[in-house]
Amino acid sequence: MDTAMQMKILKDMRRVRKMEDVCAELYTKEKIRGFLHLYIGEEAVATGVINMLSPKDNVVATYREHGHALLKGVSSKAIMAEMFGKVGGCSKGRGGSMHLYSLEHRFFGGCAIVAAGIPHAVGLAMAAQRLNEDRQTVCFFGEGAMAEGAFHEAMNMASLWHIPVLFCCENNLYAMGTALVRSQAQTDLVKKAKVYAMEAERVDGMNVFDVIEKTKMAQDYIQREKKPFFLEFQTYRFKPHSMFDPEKYRDKEEVEKWKERCPIAFLEKKMREQKILSNEQLKLMDAEIEQEMKDAVLFAEQSALEDIADLAKDVFA
Amino acid sequence: MKISYREALKRGLREVLINEKNSFLIGEDVGAYGGTYAVSQDFLKEFGAEKIMDAPLSEVGFTGLGIGAALGGLKPIVEIMTVNFSLLALDQIINSAAFMRYMSGGQITIPLVIRMTTGGGRQLAAQHSNSFEGWLAHIPGLKILVPATVEDARHMLRFAVNDPNPVLIFEHAMLFNIKDECDEAVKDFNPYNATVRRTGKALTLISYGGMLPKCLQAVEEIYDAKTEIEVIDLRCLRPLDEKTIFQSIAKTHHVLIVDEGWKSGSLSAEISARIMECCFSDLDFPVQRLCRKEVPMPYAKHMEEAAIPQVKDIVRKLQEMLYEV
């Protein structure tokens, strides 16, 4: 990775984290309501993967998708306005935190039913294949989704029919509050994927260099073999599952231990070691991000509420 | 020339597969087996495996794949073998297909068709005899078509495939062998409107799908020029064509709804409620309903017959109501 790329990756990860911090703060101020699932700690995964994509590629994500949407090109303004339930939001305030959509950016949710988006990704990839469109399809889901039938059905079909999907499992070890070891008999997720005669690799999800390297490798394989690929990103959620979670299911020490592996701090350290990141650069970067998020919040504040007269609009096309 | 309901469905499907470049059929046993109800017999040979996709037994998976394919620009026709198995795919049908457009602020369109057989009457017992079409009509974002005639079976699919919204088509298992004339080039066809199958002034009989032929037969049996019965075929359960219903009631002042679904929390309850809300003063007699008995479907023939409204039940109910006229 060249210097410019490392700089971009660092900035993207910091943007994702800053946006989440701002959302958390606005949640306590009751500007944002409903459920709010933060991605803090897991930034290297979406940042690494989505930076390897182009605007025309399809992304399907989960309800912990603010960062994914931002990285795919949806503006922080449109995301923040969506959080506020305003008409300027990327889903016009109809979806909220869990249902960010942007057809323009080929971002297909924002799916809040665990694993339900996985077969959508298979269908999207099949469509691109049949229509001879040059676009990749990437599907994000948590390890909890790997206990759902939809996951297994989709994996089987993708492998059986050689549908080129990049399956990205963000293994943060907990399905809400239930640990992987307490809910799945086979905790080796790569092994689990390989059951479907699909190639699979494990990735250090706290190390963005590894994320990028393995993503590229998977993309090359998909391009070459016209088959799907599964990546397990081992990562960790530093914050509670949602804003209502008292975190009774995990020790503080465990959380603190993972925080030492913060993916942003890790990249910063690596860049300093290469002498390509100075305090001034970091300060400037943070100032830009600070401004971007301020602008986003201002936009959200000023955006209009949808007219109640339009309540029944768009049930049908 | 008369053709069967099965042949009509087959012709409709074949026409769409030929004319719509990006259409494809996916479902269990639609290819090599020829379709459980032989609707896609020989299609695998004619169209190839890309257009006729034999799916694994994965209702959630291939319904979800259909949604994704629709998002990606294809025109999927998903066949769920029977309505009973659609329960496995309900999350995809409701939480994704029906809601995604609204949740995305109107950005997303899902031109998806899901076909399935429905209904009881073939001694298949509780798990293979459900009529859930009225239940699915509860969901905003879905269109529900219920072809009851050979002509509707022939032409409804074309409209469904060209609709930018998810459309569910329920083909009744007891209708596959009925035969009737079929106009190949029918004009002014709108499957989303109810239609009056028989006009009359004495009573409005509202039905659809597998119950419609039974209703028409019952009316035939008690035919009397003085007590002519108007028979409405709903054809589409959502959106519901209230206008046709209310116009008829303004003329007849008596209503009987015959629905194969259970009464509790049902489509017949919904129609009845709307009639009370909107044209209560037109009624000379309380709205009456004939529905499936509130039991899981029994296997034994005599018990199954007792559980589903039969022609004789409809005749008896009509006579009961007409004596009051």
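**Close-up views of a predicted model**

View 1. K92(A) sits in the loop that runs between α4 (76–83) and β2 of chain A. In this predicted model, the phi angle of K92(A) is near 60°, which is a positive value in a residue other than glycine.

**View 2. The cis peptide bond between two glycines of chain A.** G109(A) and G110(A) are joined by a cis peptide bond, for which omega is about 20°.

**View 3. The six-stranded sheet of chain A.** An open sheet is built from 6 strands of chain A in the order β2-β1-β3-β4-β8-β7, and its pairing is parallel. Because β2 (107–110) and β7 (199–204) of chain A stand at the edges and have a single partner strand each, one side of each is left without a neighbour in the sheet. Neighbouring strands of this sheet are turned against each other by 15° on average, with direction ignored. Strands of a sheet pair through backbone hydrogen bonds, in either a parallel or an antiparallel manner. Within the sheet, strand β1 (residues 58–61) and strand β3 (residues 137–142) of chain A run parallel and are joined by 3 bridges; in one of the bridges, N58(A) has T137(A) of β3(A) as its partner.

**View 4. Two helices against the sheet of chain A.** Which strands does helix α5 (residues 117–130) of chain A touch as it packs on the sheet? Helix α5 is in contact with β1, β2, β3 and β4 (165–171) of chain A, and its direction makes about 175° with that of β3(A). Helix α6 (residues 149–160) of chain A lies across β3, β4 and β8 (229–234) of chain A, and runs at about 150° to β4(A).

**View 5. The two domains of chain B.** The domain assignment divides chain B into domain 1 (2–181) and domain 2 (195–323). Taken over C-alpha atoms, the centres of domain 1 and domain 2 of chain B are separated by 26 Å, and the contact takes 30 residues from domain 1 and 25 residues from domain 2.

**View 6. The largest cavity, lined by residues of chain B.** By the rule applied here, there are 5 cavities of 30 Å³ or more, and the largest cavity has a volume of about 70 Å³. Its lining consists of L9(B), G12(B), L13(B), R115(B), P147(B), A153(B), M156(B), L157(B), I169(B) and E171(B). Three elements of chain B, namely α1 (5–19), α7 (150–161) and β7 (167–172), each supply at least two residues of this lining. By residue class, the lining of the largest cavity divides into 7 nonpolar, 1 polar and 2 charged residues.

View 7. In chain B, 5 strands form an open sheet in the order β9-β11-β10-β13-β14, with mixed pairing. At the edges are β9 (195–198) and β14 (288–292) of chain B, each of which pairs on one side only, and the twist from one strand to the next averages 25°. Strand β9(B) and strand β11 (residues 229–233) of chain B run antiparallel and are joined by 3 bridges, with I232(B) in β11(B) as the bridge partner of V196(B). Helix α8 (residues 212–221) of chain B lies across β9, β10 (203–207), β11 and β13 (255–262) of chain B and runs at about 170° to β11(B). Helix α10 (residues 267–279) of chain B also packs on the sheet, where it touches β10, β13 and β14 of chain B, and its direction makes about 150° with that of β13(B).

View 8. R238(B) and P239(B) are joined by a cis peptide bond with omega of about -5°. P239(B) is placed in the loop between β12 (236–238) and α9 (242–252) of chain B.

Technical notes:
Residues are numbered from 1 along each chain as its sequence is written. Chains are lettered from A and ligands numbered from 1 in the order in which they are written. This is a predicted model: local features need pLDDT of at least 70, side-chain atom pairs count only at pLDDT 80 or more; totals for chains, interfaces and linings use all residues. Side-chain values use heavy atoms; hydrogens and water are left out. On a 1 Å grid over the protein atoms alone, a cavity is a set of points where a 1.4 Å probe fits but cannot get out, and a pocket is an open set with protein on both sides within 12 Å along at least five of seven lines; lining residues have an atom within 4 Å of a point. Grid points are joined across faces, edges and corners, and a volume is the space filled by probe spheres set on the points. Helices (H or I, at least four residues) and strands (E, at least two) are DSSP runs, numbered from the N terminus. Ala, Val, Leu, Ile, Met, Phe, Trp, Tyr, Cys and Pro count as nonpolar, Asp, Glu, Lys and Arg as charged, and the others, Gly among them, as polar. Two strands pair if DSSP finds at least two bridges between them. Axes are lines fitted to C-alpha atoms, for helices over the stretch in contact, and angles run from 0 to 180 degrees between N-to-C directions. Contact means heavy atoms within 4.5 Å. Domain bounds come from an automatic or database domain assignment.
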